[in-house]
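Here is a short briefing on one structure. Please look over the sequence and the model before reading on.

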There are 2 protein chains.
Amino acid sequence: MLYIIGLGLSDEKDITLKGLEAIKASERVYLESYTSILPHVSCESLSRFYEKDVIIADREVVESNSDEILRNAGSVNVSFLVVGDPFGATTHTDLVIRAREMNIPVEIIHNASILNVIGACGLQLYNFGQTVSLPFFTETWKPDSWYVRISENRKIGLHTLVLLDIKVKEQSLENLARARKIYEEPRYMTVSQAANQMLEIEDLRNEKVYSPDTMAIGVSRIGSRDQKIVYAALKELAQADIGPPLHSIVLPGSRCHEMEIQYLEAYRQH
Amino acid sequence: MLYIIGLGLSDEKDITLKGLEAIKASERVYLESYTSILPHVSCESLSRFYEKDVIIADREVVESNSDEILRNAGSVNVSFLVVGDPFGATTHTDLVIRAREMNIPVEIIHNASILNVIGACGLQLYNFGQTVSLPFFTETWKPDSWYVRISENRKIGLHTLVLLDIKVKEQSLENLARARKIYEEPRYMTVSQAANQMLEIEDLRNEKVYSPDTMAIGVSRIGSRDQKIVYAALKELAQADIGPPLHSIVLPGSRCHEMEIQYLEAYRQH
């Protein structure tokens, strides 16, 4: 059996009883490590907590070497751990499809993901439109398809969750060109960087999707006991420091209920 | 401390370790019982599992008598259990606001909700628009504001999650009028009832938002080991029986990736 197990968003105790039982019954345990992180726990401490070796599965392993993960999973149990929910912000449908082709039974053990935990800011999850992902800009590469999607949401009054890029185990262009397996330090986009990038694209495209005065919500480590939620204008978020990763932004839509505003006001920065 | 604890979607083992610890440390434990149900577990079995009395909190208790729930929660721990996530399909922001007013500390312990677990059907959660709720029609009352929202989603190619009504501890109009506390049997809308209501409104409004031939996904007990996922035309779902509650429908949008279709095909009804 292949178990794909969500870990939730904060620490080792966010796993479900069902998830922990599956890990205990597994011969091999992988931790998907390139689309998200648990802010309050390392791979080693997970390993101690489970009393099991935990194998780090980076993008290369999952995308190019999934046969190793699935090896003999028809006869023994293998657990594949994912921060958040297995079908949360990043889906692992490709791994499930591959397992199905090999006639390996799959069980998904769900957990909270950023897509529902973001409700902690007080906005109704009903009224969120599509979710967008904001990539790190470079000098020469400033993709902005997310701007169109935010615009679509805002035209019909919906909230938008903006997920921020993370770069883990990336090679520099030079090291990539020379096939040197030297990796850069991990980078996690902050709310401040994201707000600046968003304002830069509004400046360039000038379609009035939002402005520096648009009220937005910056969150960090949402779902953790030390989560931070800041309700402020984008120009203020562009200056804000809300601590260690992971960060996200929410742009509230115009279709805001009174109770949503009331709840948000508690997080207002003056 | 007031703990608001998500239970996930299936049985008693979907609770997180953190959630279970909070319950064990609580003097009173309430189970919110009017917006959703756990398909595989009763209140009594939860009570045995936790080794704690579990008090059923129906709509009346939560909405009119929240002071009883919050009583002395400044000095002892009280747990309020919610199927799914505390901020999932139904939010309990009003209870949090009330607790804040009384200076009671609140901790939210998250879990999976229908809003992320629906990713199990294979559609990317990124590409869902706003969520709609379909109420039971009566002879004289057929509200259709959800039709406009589905239309908004479909115009920009997004998927729509359609949540289906449940009626728990409702009084008949006659009993209500006579203030008799006699309650009807619980009712949970099926995929078949929902598809029929959706087609009825399309017939009436005729705005071509969808048709009897529109492919849709009917799900039941999603997140459970016996979940069922059926991919079929709405006119077929209108005839389908996919077993015990809870049911939901997804209308896929036009912006479907190849891998989403590939994943869905496994659930196709011929």
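In which loop of chain A is A:Leu246 found? A:Leu246 sits in the loop between α10 (234-237) and β12 (247-251) of chain A. This is a predicted model.

**Cis peptide bonds**
- In chain A, the bond joining A:Pro245 and A:Leu246 is a cis peptide, with omega about -5 degrees.
- In chain B, the peptide bond from B:Pro245 to B:Leu246 is cis, and omega is near -5 degrees.
- B:Leu246 lies in the loop between α10 (234-237) and β12 (247-251) of chain B.

**Positive phi angles**
- A:Arg221 is not a glycine, yet its phi is positive, near 50 degrees.
- The loop between β10 (215-220) and β11 (228-233) of chain A holds A:Arg221.
- A:Arg221 counts as buried because its relative accessibility is 8%, and the cut-off for buried is under 20%.
- B:Lys208, also not a glycine, has a positive phi of about 55 degrees.
- B:Lys208 is in the loop between α9 (191-205) and β10 (215-220) of chain B.
- B:Lys208 has a relative accessible area of 65%, so this residue is exposed; exposed requires over 50%.

**Domains of chain A**
- Chain A splits into domain 1 (2-112) and domain 2 (115-266).
- Taken over C-alpha atoms, the centres of domain 1 and domain 2 of chain A are 27 Å apart.
- In the contact, domain 1 of chain A supplies 14 residues and domain 2 of chain A supplies 17 residues.
- About 1100 Å² is buried between domain 1 and domain 2 of chain A, with carbon and sulfur atoms giving 59% of that area.
- One salt bridge is counted between domain 1 and domain 2 of chain A.
- A:Glu60 and A:Lys181 form a salt bridge, with their closest N and O atoms 3.1 Å apart.
- Three residue pairs are in polar contact between domain 1 and domain 2 of chain A, both residues at pLDDT 80 or more.
- On the side of domain 1 of chain A that touches domain 2 of chain A, six residues are nonpolar, six polar and two charged.

**Helix α2 of chain B**
- Helix α2 of chain B covers residues 43-50. Its buried residues are B:Cys43, B:Ser45, B:Leu46, B:Ser47 and B:Tyr50.
- The cover over the buried residues of α2(B) includes α1 (17-24), β2 (28-32), β3 (55-57) and β4 (78-82) of chain B.
- B:Glu51 follows α2(B) and has a positive phi, near 55 degrees.

Methods. Residues numbered from 1 in each chain as written. Chains lettered and ligands numbered in written order. Predicted model: local features only at pLDDT ≥ 70, side-chain atom pairs only at ≥ 80, totals over all residues. Heavy atoms only, no water. Buried < 20%, exposed > 50% of the residue type's maximum accessible area, 1.4 Å probe, protein only. Helix = DSSP H or I, 4+ residues; strand = E, 2+ residues; numbered from the N terminus. Contact = heavy atoms within 4.5 Å. Domains from an automatic or database assignment. Buried area = accessible area lost by both parts, 1.4 Å probe. Salt bridge = Lys/Arg side-chain N within 4 Å of Asp/Glu carboxyl O. Polar contact = N/O pair within 3.5 Å; in protein donor to acceptor, adjacent residues only side chain to side chain. Nonpolar A, V, L, I, M, F, W, Y, C, P; charged D, E, K, R; others polar.
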